[in-house]
Amino acid sequence: MKLRIIVEPDEDVYVAYCPELPGCVTYGSTFEEARENFIEALELYLRPSEEQVPFDAKVYEVMV
């Protein structure tokens, strides 16, 4: 899988995000720190959830 990662300056920090992964955003005080933080955030973002779905919950998959 290839993802586009954007790292850009924003006031006193660098912000790193991936447009294809909503909510996967991080920052760092340097470009390199922001990039490294994003790799860590990406690993957490893609990790399967350990939360259990309640027995009486309805689960839907939505394709957009």
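## Surface and overall make-up

The accessible surface of the protein comes to about 5800 Å², and 54% of that belongs to carbon and sulfur atoms; areas come from the Shrake-Rupley method with a 1.4 Å probe, and for residues only the protein chains shown count as cover. This is a predicted model, in which local features need pLDDT of at least 70 and side-chain atom pairs count only at pLDDT 80 or more, while totals for chains, interfaces and linings use all residues. Residues are numbered from 1 along each chain as its sequence is written, and side-chain values use heavy atoms, with hydrogens and water left out.

Of the 64 residues in the protein, 19% are buried. Buried here means under 20% relative accessible area, exposed means over 50%, and partly exposed lies in between (1.4 Å probe, protein chains only).

## Fold and strand pairing

The protein has one helix and three strands, arranged along the sequence in the pattern β-β-β-α. Helices (H or I, at least four residues) and strands (E, at least two) are DSSP runs, numbered from the N terminus. Among contacts (heavy atoms within 4.5 Å) between residues at least 6 apart in sequence, 8% join residues at least 24 apart.

Strand 1 and strand 2 pair in the antiparallel sense over five bridges; pairing requires that DSSP find at least two bridges between two strands. Proline 9 has tyrosine 14 in strand 2 as its bridge partner. The hairpin of these two strands has two residues between the strands, and glutamate 11 takes a positive phi near 55 degrees there. Strand 2 also pairs with strand 3, again in the antiparallel sense, over four bridges. Tyrosine 17 stands opposite valine 25 in strand 3.

## Nonpolar core

The largest nonpolar core has nine residues: Val7, Ala16, Cys18, Leu21, Cys24, Ala34, Phe38, Ala41 and Leu42. Helix 1 (residues 31-46) gives the most to this core, with four residues. A nonpolar core is a set of buried Ala, Val, Leu, Ile, Met, Phe, Trp, Tyr and Cys residues joined through side-chain atoms within 4.5 Å.

Valine 7, one of the core residues, is in contact with Tyr14, Val15, Ala16, Phe31 and Ala34, leaving aside neighbours within four places in sequence.

## Tyrosine 27

Tyrosine 27 is found in strand 3 (residues 25-28). Tyrosine 27 counts as exposed because its relative accessibility is 54%. Not counting residues up to four places away in sequence, tyrosine 27 touches Val13, Tyr14, Val15, Ala34 and Asn37. The C-alpha atoms of tyrosine 27 and aspartate 10 are separated by 9.3 Å, with the two residues 17 apart along the chain.

## Salt bridges

Two salt bridges are found in a search of the whole structure, each defined as a side-chain nitrogen of Lys or Arg within 4 Å of a carboxyl oxygen of Asp or Glu. One joins the side chains of arginine 4 and glutamate 20 (3.2 Å, N to O). This pair links distant parts of the chain, 16 residues apart: arginine 4 is in the segment before strand 1 (6-10), and glutamate 20 is in the loop between strand 2 (13-17) and strand 3. Arginine 4 counts as partly exposed at 48% relative accessibility, as does glutamate 20 at 42%.

The side chains of glutamate 32 and arginine 35 also meet in a salt bridge (2.7 Å, N to O). These residues are three apart in helix 1, so about one helical turn separates them. Glutamate 32 is partly exposed at 36% relative accessibility, and arginine 35 is partly exposed with a relative accessible area of 33%.
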